[in-house]
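Subject: Structure for you to look at

Hello,

Here is the structure I promised to pass on. Please open it beside this email and follow along.

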Amino acid sequence: MKLKPEILAVLENKKVAPGHYRMRLASKRIARAAKPGQFVQITVSENQDPLLPRPFSFLETGNGWFDILYQVVGRGTQILSKLKPGDSLTVLGPLGCGWRMPEKISQRPASEVTHLLVGGGVGIPPLHHWAKELLAKKKVRASNIRVFLGGRGQDFLHCEKEFMRLGVKPAVATDDGSKGHKGFVTKPLEDFLTSASPRGGMQIYTCGPTPMLKAVSRLAEKYSVPCQASVEEPMPCGFGVCLGCAIKVKTPDGGHRFALSCTEGPVFDAARVVW
Ligand SMILES: Cc1cc2nc3c(=O)[nH]c(=O)nc-3n(C[C@H](O)[C@H](O)[C@H](O)COP(=O)(O)OP(=O)(O)OC[C@H]3O[C@@H](n4cnc5c(N)ncnc54)[C@H](O)[C@@H]3O)c2cc1C
Ligand code: FES
């Protein structure tokens, strides 16, 4: 299906943590089509400054709307943070391939798998979207979902309350020790992996900064747990034309090739990525 950019109304744009905003955009079509782990490309300015659109994951979708959660890091996100309800934005999506059901990976029904969601910073939103889908559409019990969140401090453990509302209490880690383990989120994850007695297999899904993805992927390999990782490469076009989002992946013959994160990803089998 050929996608066309849509002009969408901003319904809400609220500060949720220092330098972080949750924006609600109106679109029946995108809300219905969006799959967890996919993204939208947002043109933040109509006067071509900045020229390129910016990619954002879905945090949540509802009846005629979808939410993103974003951190202000540069010019594009600064412009976004100033928008008010009633303003509009040009949006393309949903794009890319999101989280995959484990049946395709381990041949087990998703309801028999323990789903480990490991997120850092603004990598957490697509995992929240996935948890909602696992519970609502894939018939996974909340007790079969474990969430591990990492952030700079307690203000940056995004979606912690939202996960609690879903019946899942996240294990948390902060850089400054203001909540949970002081250090990396990989520590509570490894504690769980060492103590777990898998009832029917496990599956890791992870999204966050590249060093975190690399560390989670290493743990997944050490404990032989399949792992999907969502990479955050800059995406100048978002639909396979500019080649600006290529990452190196392993090929079955022991070599490697380049894969476009916007069309083959952003979610990849972590074992295939050349970190
Ligand atoms: C598939 C995908 C989903 C994303 N989802 C979210 C999301 O849900 N919430 C969110 O806050 N951000 C998300 N990002 C990152 C977001 O797109 C960038 O932060 C944004 O484009 C920055 O735009 P800017 O103009 O403000 O900053 P720029 O001026 O473009 O950059 C400012 C600084 O941020 C760095 N930067 C830019 N893009 C990235 C990136 N992709 N990863 C790491 N550093 C980057 C630049 O190197 C620079 O140092 C996602 C990225 C991808 C690829
Ligand atoms: S972002 Fe242009 S090819 Fe992927």
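One open sheet has seven strands, in the order S11-S10-S9-S8-S12-S13-S16, with mixed pairing. Strands here are DSSP runs of E with at least two residues, helices are runs of H or I with at least four, and both are numbered from the N terminus. Two strands pair if DSSP finds at least two bridges between them. Strand S11 (181–182) and strand S16 (267–269) stand at the edges. Each has a single partner strand, so one side of each is left without a neighbour in the sheet. S8 and S12 run parallel, joined by six bridges. Leu117 stands opposite Tyr205 in S12. Helix H4 (residues 125–136) packs on this sheet and touches S8, S9, S12 and S13. Its direction makes about 160° with that of S8. Axes are lines fitted to C-alpha atoms, for helices over the stretch in contact, and angles run from 0 to 180 degrees between N-to-C directions.

A word on the model and its numbering. This is a predicted model, in which local features need pLDDT of at least 70 and side-chain atom pairs count only at pLDDT 80 or more, while totals for chains, interfaces and linings use all residues. Residues are numbered from 1 along each chain as its sequence is written, and chains are lettered from A and ligands numbered from 1 in the order in which they are written.

Now the other sheet. Seven strands form an open sheet in the order S4-S3-S7-S1-S2-S6-S5, and the pairing is antiparallel. At the edges stand strand S4 (54–57) and strand S5 (60–62). One side of each is left without a neighbour in the sheet, because each has a single partner strand. From one strand to the next, the twist averages 35°. Three bridges join S5 to strand S6 (residues 65–71), and the two run antiparallel. Gly62 stands opposite Trp65 in S6. H4 turns up here too: H4 lies across S4, S5 and S6, at about 50° to S5.

Next, helix H7 (residues 210–222). H7 has 13 residues and reaches 18 Å from its first C-alpha to its last. That is close to the 18 Å expected at 1.5 Å a residue, where the expected span is 1.5 Å times one less than the number of residues. H7 lies across S8, S9, S12 and S13, running at about 175° to S13. Its buried residues are Met212, Leu213, Ala215, Val216, Ser217 and Ala220. They pack against several elements, including helix H6 (186–195) and strand S9 (145–151). After H7 comes Ser224, whose phi is positive, near 55°.

Is Ser217 buried or exposed? Ser217 is buried, because 22 other C-beta atoms lie within 10 Å. The cut-offs are 20 or more for buried and 12 or fewer for exposed, with partly exposed in between; C-beta atoms are placed from the backbone. Leaving aside neighbours within four places in sequence, Ser217 is in contact with Cys227, Ala229, Ala270, Val273 and Trp275. Contact means that C-beta atoms, placed from the backbone, lie within 7 Å.

Last, the domains. The chain is divided into domain 1 (6–95) and domain 2 (103–231), with bounds from an automatic or database domain assignment. Their C-alpha centres lie 24 Å apart. The contact takes twelve residues from domain 1 and 13 residues from domain 2. On the domain 1 side, S6 gives the most, with four residues.

Best wishes

Methods
Two residues are in contact if their C-beta atoms, placed from the backbone, lie within 7 Å.
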